[in-house]
Amino acid sequence: MPGPSELNEESREVAAAISTAVRRTGARVAAAESLTSGAIASHLGAAEAASDWFAGGVVAYSRQVKFSVLHVEPGPVVTEACARQMARGVLDLLSADVAVAVTGAGGPDPEEDMPPGTVFIAVCSGGDVRVEQHRFDGDPEQVVRDTTLGALRLLRAEVEGSSRHSG
(Lines give C-alpha, C1' and ligand atoms only; values in the text may rest on other atoms or scores of the structure.)
Protein backbone atom coordinates (compact mmCIF):
# COMPACT_ATOMS: atom_id res chain seq x y z
CA MET A 1 0.00 0.00 0.00
CA PRO A 2 1.42 3.44 -0.89
CA GLY A 3 2.39 5.74 1.96
CA PRO A 4 0.62 9.04 2.58
CA SER A 5 3.28 11.15 0.91
CA GLU A 6 3.38 9.16 -2.33
CA LEU A 7 1.66 10.76 -5.27
CA ASN A 8 -1.59 9.10 -6.22
CA GLU A 9 -3.19 9.31 -9.64
CA GLU A 10 -6.32 11.28 -8.78
CA SER A 11 -4.39 13.86 -6.76
CA ARG A 12 -1.83 14.17 -9.59
CA GLU A 13 -4.64 14.88 -12.06
CA VAL A 14 -6.10 17.58 -9.81
CA ALA A 15 -2.65 19.14 -9.36
CA ALA A 16 -2.23 19.18 -13.16
CA ALA A 17 -5.54 21.05 -13.49
CA ILE A 18 -4.35 23.55 -10.87
CA SER A 19 -1.15 24.08 -12.86
CA THR A 20 -3.09 24.74 -16.06
CA ALA A 21 -5.43 27.23 -14.37
CA VAL A 22 -2.79 29.23 -12.52
CA ARG A 23 -0.51 29.45 -15.53
CA ARG A 24 -3.38 31.17 -17.36
CA THR A 25 -3.66 33.82 -14.66
CA GLY A 26 -0.07 34.10 -13.46
CA ALA A 27 -1.15 33.40 -9.88
CA ARG A 28 1.32 32.14 -7.29
CA VAL A 29 0.19 29.31 -5.02
CA ALA A 30 1.26 28.45 -1.45
CA ALA A 31 0.35 25.69 1.01
CA ALA A 32 0.29 25.41 4.80
CA GLU A 33 0.03 21.87 6.08
CA SER A 34 -0.34 20.22 9.42
CA LEU A 35 -1.57 16.62 9.36
CA THR A 36 -0.58 16.10 5.70
CA SER A 37 3.09 16.88 6.49
CA GLY A 38 4.00 18.09 3.01
CA ALA A 39 1.86 15.76 0.88
CA ILE A 40 -0.01 18.69 -0.70
CA ALA A 41 3.24 20.50 -1.52
CA SER A 42 4.63 17.27 -3.01
CA HIS A 43 1.70 17.06 -5.41
CA LEU A 44 1.85 20.74 -6.35
CA GLY A 45 5.63 20.64 -6.79
CA ALA A 46 5.38 17.63 -9.10
CA ALA A 47 2.89 19.37 -11.41
CA GLU A 48 3.93 20.87 -14.74
CA ALA A 49 5.91 24.13 -14.58
CA ALA A 50 5.55 24.25 -10.78
CA SER A 51 8.63 26.46 -10.48
CA ASP A 52 6.69 29.15 -12.35
CA TRP A 53 3.67 29.22 -10.02
CA PHE A 54 4.24 27.27 -6.79
CA ALA A 55 5.73 29.61 -4.19
CA GLY A 56 6.20 26.81 -1.67
CA GLY A 57 4.76 25.51 1.54
CA VAL A 58 5.09 25.43 5.29
CA VAL A 59 4.68 22.20 7.21
CA ALA A 60 3.38 23.47 10.52
CA TYR A 61 2.86 20.19 12.33
CA SER A 62 3.79 21.69 15.69
CA ARG A 63 1.35 24.04 17.38
CA GLN A 64 4.22 26.43 18.07
CA VAL A 65 5.09 26.63 14.36
CA LYS A 66 1.48 27.49 13.59
CA PHE A 67 1.58 30.26 16.19
CA SER A 68 5.03 31.73 15.51
CA VAL A 69 5.47 31.24 11.74
CA LEU A 70 1.91 31.42 10.41
CA HIS A 71 0.57 33.83 13.06
CA VAL A 72 -2.25 31.57 14.17
CA GLU A 73 -3.76 32.83 17.42
CA PRO A 74 -2.69 30.55 20.31
CA GLY A 75 -5.41 28.09 21.25
CA PRO A 76 -6.98 24.99 19.77
CA VAL A 77 -5.63 24.04 16.33
CA VAL A 78 -8.22 21.53 15.13
CA THR A 79 -10.60 24.36 14.22
CA GLU A 80 -11.99 26.32 11.31
CA ALA A 81 -10.31 29.46 12.71
CA CYS A 82 -6.89 27.79 12.70
CA ALA A 83 -7.28 26.65 9.07
CA ARG A 84 -8.39 30.14 8.07
CA GLN A 85 -5.43 31.77 9.84
CA MET A 86 -2.96 29.23 8.43
CA ALA A 87 -4.13 30.01 4.89
CA ARG A 88 -3.84 33.77 5.41
CA GLY A 89 -0.50 33.35 7.16
CA VAL A 90 1.15 31.33 4.39
CA LEU A 91 -0.34 33.59 1.71
CA ASP A 92 1.35 36.59 3.34
CA LEU A 93 4.57 34.79 4.29
CA LEU A 94 5.23 33.51 0.75
CA SER A 95 3.74 36.49 -1.13
CA ALA A 96 1.28 34.22 -2.90
CA ASP A 97 -2.00 35.02 -4.61
CA VAL A 98 -3.84 31.93 -3.43
CA ALA A 99 -3.13 29.55 -0.56
CA VAL A 100 -4.49 26.29 0.75
CA ALA A 101 -4.19 25.13 4.36
CA VAL A 102 -5.13 22.00 6.30
CA THR A 103 -5.37 21.16 9.97
CA GLY A 104 -7.11 18.35 11.78
CA ALA A 105 -7.04 15.18 13.80
CA GLY A 106 -5.38 12.57 11.61
CA GLY A 107 -5.89 9.77 14.10
CA PRO A 108 -5.87 7.14 15.29
CA ASP A 109 -6.89 8.98 18.48
CA PRO A 110 -9.08 12.04 19.03
CA GLU A 111 -7.35 15.39 19.33
CA GLU A 112 -8.73 18.43 21.16
CA ASP A 113 -11.96 16.48 21.70
CA MET A 114 -12.38 16.10 17.93
CA PRO A 115 -12.80 12.58 16.53
CA PRO A 116 -10.06 11.15 14.30
CA GLY A 117 -10.57 12.17 10.69
CA THR A 118 -11.91 15.63 11.55
CA VAL A 119 -10.23 17.98 9.08
CA PHE A 120 -10.51 21.65 8.19
CA ILE A 121 -9.40 22.75 4.70
CA ALA A 122 -9.11 26.44 3.87
CA VAL A 123 -8.35 28.28 0.67
CA CYS A 124 -7.46 31.97 0.70
CA SER A 125 -7.49 34.24 -2.32
CA GLY A 126 -7.28 37.98 -1.94
CA GLY A 127 -9.18 38.87 1.20
CA ASP A 128 -11.54 35.91 1.00
CA VAL A 129 -11.10 32.63 2.85
CA ARG A 130 -13.32 29.61 2.28
CA VAL A 131 -13.21 26.76 4.81
CA GLU A 132 -14.65 23.27 4.57
CA GLN A 133 -14.96 20.79 7.42
CA HIS A 134 -14.64 17.09 6.63
CA ARG A 135 -14.85 13.85 8.55
CA PHE A 136 -12.69 11.26 6.79
CA ASP A 137 -12.80 7.58 7.75
CA GLY A 138 -9.90 5.17 7.88
CA ASP A 139 -6.47 4.88 9.38
CA PRO A 140 -4.12 7.90 9.56
CA GLU A 141 -2.64 7.15 6.12
CA GLN A 142 -6.10 7.14 4.54
CA VAL A 143 -7.02 10.38 6.33
CA VAL A 144 -3.85 12.01 4.94
CA ARG A 145 -4.65 10.80 1.40
CA ASP A 146 -8.26 12.01 1.63
CA THR A 147 -7.21 15.34 3.13
CA THR A 148 -4.61 15.88 0.40
CA LEU A 149 -7.15 15.17 -2.33
CA GLY A 150 -9.78 17.33 -0.64
CA ALA A 151 -7.35 20.24 -0.34
CA LEU A 152 -6.26 19.96 -3.95
CA ARG A 153 -9.90 19.82 -5.10
CA LEU A 154 -10.79 22.96 -3.11
CA LEU A 155 -7.72 24.75 -4.45
CA ARG A 156 -8.60 23.69 -8.01
CA ALA A 157 -12.15 25.03 -7.62
CA GLU A 158 -10.74 28.36 -6.43
CA VAL A 159 -8.13 28.79 -9.16
CA GLU A 160 -10.42 27.57 -11.94
CA GLY A 161 -13.05 30.05 -10.75
CA SER A 162 -10.44 32.84 -10.75
CA SER A 163 -9.25 31.75 -14.18
CA ARG A 164 -12.77 32.02 -15.63
CA HIS A 165 -13.23 35.50 -14.14
CA SER A 166 -9.90 36.87 -15.35
CA GLY A 167 -9.69 35.41 -18.81
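**View 1. The aromatic pair of Trp53 and Phe54.** The count here comes to one aromatic pair, where pairing asks for Phe, Tyr or Trp rings (for Trp, the six-membered one) with centres within 6.5 Å. This is a predicted model, so to speak: local features need pLDDT of at least 70, side-chain atom pairs count only at pLDDT 80 or more, and totals for chains, interfaces and linings use all residues. Residues are numbered from 1 along each chain as its sequence is written, and side-chain values use heavy atoms, with hydrogens and water left out. The ring centres of Trp53 and Phe54 sit 6.1 Å apart with planes at 55°, so the pair is tilted (under 30 degrees would be stacked, over 60 edge-to-face, the rest tilted). Trp53 is buried at 1% relative accessibility, and Phe54 is buried too, at 15%; buried means under 20% relative accessible area, exposed over 50%, partly exposed in between, with a 1.4 Å probe and protein chains only.

**View 2. The buried face of helix α2.** Helix α2 covers residues 39-46, helices being DSSP runs of H or I with at least four residues, numbered from the N terminus. Ala39, Ile40, His43 and Leu44 are its buried residues. Looking down the axis of α2, these fall within an arc of 135°, so they line one face of the helix; the arc is taken from the directions from the helix axis to the C-beta atoms.

**View 3. Cys82 and Cys124, with no disulfide.** Searching the whole structure turns up zero disulfides, meaning cysteine sulfur pairs within 2.5 Å. For Cys82, the nearest cysteine sulfur belongs to Cys124, 14 Å away. Cys82 is buried at 1% relative accessible area, and Cys124 counts as buried at 1% as well.

Notes: Helix = DSSP H or I, 4+ residues; strand = E, 2+ residues; numbered from the N terminus.
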